[in-house]
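Here are my notes on the model you sent. Please read them alongside the coordinates.

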Amino acid sequence: MTHRKNLGFSSVMVLLFMFVALTVMLGLSGMAMQSLKRSDNEAKYMSSFQVAQSVLEHQTNLSYLASKANAGDLTAGTFNHDALAASLSPGATGYATVAPTADATRGWVTAYGTFGGKTRSVRMLIATKDVSIWNNAVFAGTGASGQSINGNVDIRGSVHILGEGEPFSDLNGNGKWDKAETFTDSNGNGVWDPGEPFNDANNDGVWNSAEPYNDTNFNGAYDPPLTTTDLSGSFGGAAHIGNNYYNMPVALRAMIPNPMVINGLETLGAEVRAKHGMISINGSATVGSSTNPVSTMKGLLDGTFVSDGWTGNQGSSSVFSENGYSNGYDLNNVGIQFPIINGIGAPEYTDAGGSTWTTHSAFFNSEAMVIPINSITKTTPAFAYADLKGNSIVYTPAIGAVPATLTVNGIVKVNGSLALDMDKDELRYQGKGTMYATQDIYIGSNLLPAAGLQFPTQAVLGLVAGRNMGLATGAGDAQLSLAGAFYAQGTIVSAKQNQILGTFVANYFDMGTNVPNIYQVPALRKNLPPGMPGDQPYVTLKIKSWRARQ
């Protein structure tokens, strides 16, 4: 009997053990299944995340490239990237959305990746910046100590100074301009003759003349790149670089579009750059403002990028910028060069139709209409010229209270110099055109859009001087009001207290002592006159923030 009880007890224990074992095994099996499922989901999520990140990077690059053709503005839309997704994980899909903010140079790029039914999303805030030559108030090229920008001037908008020296032919490939080797002029004829002793500076056994260079300021001497102790700009008196239109004459303000508004403040997006050379600030001159001039206008500059720093009796203490004053030049990788149009250093030019020309002047020589007019004054009779390429110019003299009118479309060329001098009276213009003079341009008239037309969206004029440009530099000239795109391969001189809407592009500037005002009009970059030197786009990209969304 006892034996039977023991057998029964043993059976119960065995069954209990088997039940426990089965429970444990089932638990372990469930845990294993859950672990496998979780591992599979994690793998799918990881693949989805990798797809989303790749889509984000690819779409950001595509949006950046597209912005170059749109002056930095981002284009909204939804973009399919299934092919890219499938190449990363077969069966995966992906797409991205681009949503520009009120300021179209900033926007959210959101990317989605899906694999195995699992979706992940990542988002990035990006900001583009159009740093093109014509998106400045003043763009200075070659530079010479104290001469790139020199004077008592009020600039509203961006300033970009290269200071890279005059272009030259580097015949011996040593990367620097070489002057002529000295010699003993035995026969006194002023030139080296075979057999005359010379200083063989480069030890090549032959006498070397000076390497050819492009004398852009016509001073008869080669001007080298600015060094860390040279001045790329010198500002004194009441000189100022600002980020707003504060105190701008009401009549001029009415002729241009309003600037963009960011965080409730009107701003020109003004930045100051100097690749070579110091900027000198003296007296009461300022770069930016420490406070907003009024509650609706921005005082601080968006940024300063000056590699060789600031000097003068005020120096960096009078620099007011969002990024301070100690940042170096930031566009070395962009490759911006001054747009030389002829001579040594003149690059190839690609026109709006995609055709390439050996130089910009070669483009003008082929595509511009040549007119036999070198001056337009009060006594100039009416004239009109047109060609089959769409270039045209019409001049109508003043009639009573109606000012003289110049209508220019396309590109018009003048051999020699051009003078626009109505003896302090107005010369109003219409159309969208460029006037190119192979030598100098002199302006002695108020030069503004015709009544009722807005610059530069409804009327815009470009003036291109192969040498120098003078504004109110004649005897008896007075303050002028001008609107346009102004280019000189040499020097632009503004002699009076002129009021200028638009952009100056030149190798050198002389702003004088009368505090001229230059107001950058950001819309000019998108509405340039045809064929302007330096019209190619340069756009930078910055990532402002990144985050995973799911």
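**Notes on the predicted model**

1. Of the protein's 550 residues, 47% count as buried (under 20% relative accessible area; exposed is over 50%, partly exposed in between; 1.4 Å probe, protein chains only). The model is predicted: local features need pLDDT of at least 70, side-chain atom pairs count only at pLDDT 80 or more, and totals for chains, interfaces and linings use all residues. Residues are numbered from 1 along each chain as its sequence is written, and side-chain values use heavy atoms, with hydrogens and water left out.

2. The secondary structure comes to 4 helices and 35 strands. These are DSSP runs numbered from the N terminus (helices H or I, at least four residues; strands E, at least two). The protein exposes about 24,600 Å², and carbon and sulfur atoms supply 55% of that (Shrake-Rupley method, 1.4 Å probe; for residues, only the protein chains shown count as cover).

3. Contacts here are heavy atoms within 4.5 Å. Take the pairs at least 6 apart in sequence: 62% of these contacts join residues at least 24 apart.

4. The largest nonpolar core has 102 residues. Such a core is a set of buried Ala, Val, Leu, Ile, Met, Phe, Trp, Tyr and Cys residues joined through side-chain atoms within 4.5 Å. Leu463 and Leu501 touch the most other members. Strand β32 (residues 481–494) gives the most to this core, with 7 residues.

5. What does Leu463 contact, beyond its neighbours within four places in sequence? Its partners include Leu420, Met435, Ile441, Ile443 and Leu447. Ala485, Phe486, Tyr487 and Met532 are also among them. A second, separate core holds 14 residues, including Val55, Leu56, Ala111 and Val122.

6. Thr128 lies in strand β4 (residues 118–130). Its relative accessibility is 5%, so Thr128 counts as buried. A polar atom of its side chain lies 2.3 Å from the backbone oxygen of Gly72. A polar contact is a pair of N or O atoms within 3.5 Å; within protein, one must be able to donate a hydrogen and the other to accept it, and residues adjacent in sequence count only if both atoms are side-chain atoms. Not counting residues up to four places away, Thr128 also touches Ser67, Leu74, Thr105, Val539, Thr540 and Leu541.

7. Thr304 sits in strand β16 (residues 303–306). Is Thr304 buried or exposed? Buried, because its relative accessible area is 0%. The Thr304 side chain reaches the backbone oxygen of Gly324 at 2.8 Å. Leaving out residues up to four places away in sequence, Thr304 touches residues including Val272, Trp310, Val319, Ser321 and Tyr325.
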